[in-house]
Amino acid sequence: MSHRPELRAAAARLVGRRRLLTGTAAAFTLAFATDLPGSAHAAARDARLEIPEDPFRLGVASGEPRPGAVLLWTRLAPQPYEPGSGMPQARFDVDWEIAHDSRFARIARRGTETAHPEYHHSVRADVTGLDADRAYYYRFRVGRWISPTGRTRTAPREDAATTRLRIGVASCQAYHDGYFTAYRHLADEDVAAVFHLGDYLYEYAVNAAGGHRNDPALALPAHYNRETVTLEDYRLRYGLYRSDPDLQAAHAAHPYVLTWDDHETENNYAGSDPENGVPPEEFLLRRAAAYRAYWENQPLRAPQRPSGPDMRLYRRLRFGRLAQFDILDTRQYRSNQAYGDGWRVPGPESENPARTMTGATQERWLLDGWKSSGATWNVVPQQVTFAQRRDTPSAAYKVSMDAWDGYPAARDRVLAGARAAGVENLMVLTGDVHVSYGFDLKADWSDPDSRTLGTEIVTTSISSGRDGADRPANYDNLTRANPHLRYYHGRRGYTLISYDQSQARADYRTVSAVTVPGAPVRTAMSLVTEAGEPGLKPV
């Protein structure tokens, strides 16, 4: 499959003039070359059309909880494994309602949204006027079809003296590596929201049996057995992932707050630099396709809607005066990885102070946000390992050029900004690496006795990396080389984090296997850090 000729031509013109175009203008160049609702080529509404099959096969989701507001999502897809998802190229009115009870006897709000074929018949209702810090139930209706019921929750008022908050943290769910069993367990947890830290899907080929799920009954179509590149590829891949019943259960049970990492587009891309040396205009087209499909398939608000290959995903959420969450995007604006990526000996190229992980605008936004925070806990959900992580205890150690170790000056600026803002309880949340870590963030990485500036909780993968092991092969080297590493474990699962005024507690929840369905869940470890005295300790 390939991109449409008019899109490729637009991208080539963009790249040819990139020195004359700002990033925003470049984005609009691509955006206007793509079908959008309201354009001259937009689809019409036809009241005579009916949907003959259940269009809610991808379930429902909610996200972005605010005080008295939440975003509801679904997508009409009676045949999610097929191009077009079995929907005609026409607009449909979709009714929604949100209630105080699961029987919908006490309706709080209701309304109607339009499912546009240009956005793959995705539907989002930004519901306001709700009570703060309150659970609700919601559902959608189109024609004679009614969606499954979802449960969501609004955030407390920003000035509320919230005493307790519990969240789930998840990342990295390669469909082809195993079952999403951890999500079935996460659906049963009592959390206010789930923070997803990236790699919601993977661009790699999935064979007919679902890779290591090894289920011949799946009989997936051949178009899944190739890497995602075009808009249709990415849309189909979301249809596959969102058809998973365990993933649907977690989305229906809790509101999600999402950010991406690399695999939603391409492995280890950096800004406008692809992993493989394709022409820049080709990668911009791919990035635009990936970003659009991501927005179409996630419970994200209109301000996150992409313009071509640009999409502002960094944003801030507050849960009373207890916790402020600054959600980062460490992919779209970063400098290219030093020394050709991979694990390398650090040097002048990686240590160049001009290098950035977040881009200057996002970095300034983060530091300015801390100055006015006032929250007990300042939490940074993001993608890649923040703490220093040497691979061996020898003098010839290497570090990951894709993680913050490849951007140490940017990391130093963030930590300095936290100290300057008076942030006492900094916690970084991380995914990406398919293992669980617990790090102390040190003022001097070479001195274990130096001041601890915060903590980092790294959640393991939902399925990526297959079953894993309690003690990974590099356990001894990594724990000896990094004395600030307080915990390391290699099974799949998720993390629960509970905040109150005196401490934050991380419960690492793991399953024994993902290559077979139905594994039980257990708590592999619980760590706490106390307010005003950062540093992780076993419970």
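Helix H7 buries Gln362, Glu363, Trp365, Leu366, Leu367, Gly369 and Trp370. Buried means under 20% relative accessible area, exposed means over 50%, and partly exposed lies in between (1.4 Å probe, protein chains only). This is a predicted model, where local features need pLDDT of at least 70, side-chain atom pairs count only at pLDDT 80 or more, and totals for chains, interfaces and linings use all residues. Residues are numbered from 1 along each chain as its sequence is written, and side-chain values use heavy atoms, with hydrogens and water left out.

**Helix H7**

- H7 covers residues 360–371, which makes 12 residues.
- Helices (H or I, at least four residues) and strands (E, at least two) are DSSP runs, numbered from the N terminus.
- From first C-alpha to last, H7 reaches 17 Å, close to the expected 16 Å.
- The expected span is 1.5 Å times one less than the number of residues.
- Strands E12 (315–319), E13 (323–327), E15 (377–381) and E17 (426–430) are among the elements that cover the buried residues of H7.
- Helix H8 (408–420) is also part of that cover.
- Contact here means heavy atoms within 4.5 Å.

**Salt bridges overall**

- The structure holds 29 salt bridges.
- A salt bridge is a side-chain nitrogen of Lys or Arg within 4 Å of a carboxyl oxygen of Asp or Glu.
- One network of salt bridges links Asp261, Arg331, Arg334 and Asp402.

**Arginine 286 and glutamate 227**

- These two side chains meet in a salt bridge at 2.8 Å, N to O.
- Arginine 286 sits in helix H6 (residues 280–296) and glutamate 227 in the loop between strand E10 (193–196) and helix H4 (231–242), so the pair ties together parts that are 59 residues apart in sequence.
- Arginine 286 is buried, at 8% relative accessible area.
- Glutamate 227 is partly exposed, at 36%.

**Aspartate 326 and arginine 316**

- The closest N and O atoms of this salt bridge are 2.4 Å apart.
- Aspartate 326 belongs to strand E13 and arginine 316 to strand E12, so the bridge ties together parts 10 residues apart in sequence.
- E12 and E13 are also among the elements covering the buried residues of H7.
- Aspartate 326 is buried, with 0% relative accessibility.
- Arginine 316 is partly exposed, with 24%.

**Aspartate 507 and arginine 505**

- Aspartate 507 and arginine 505 form a salt bridge, with their closest N and O atoms 2.9 Å apart.
- Aspartate 507 is buried, at 7% relative accessible area.
- Arginine 505 is partly exposed, at 30%.
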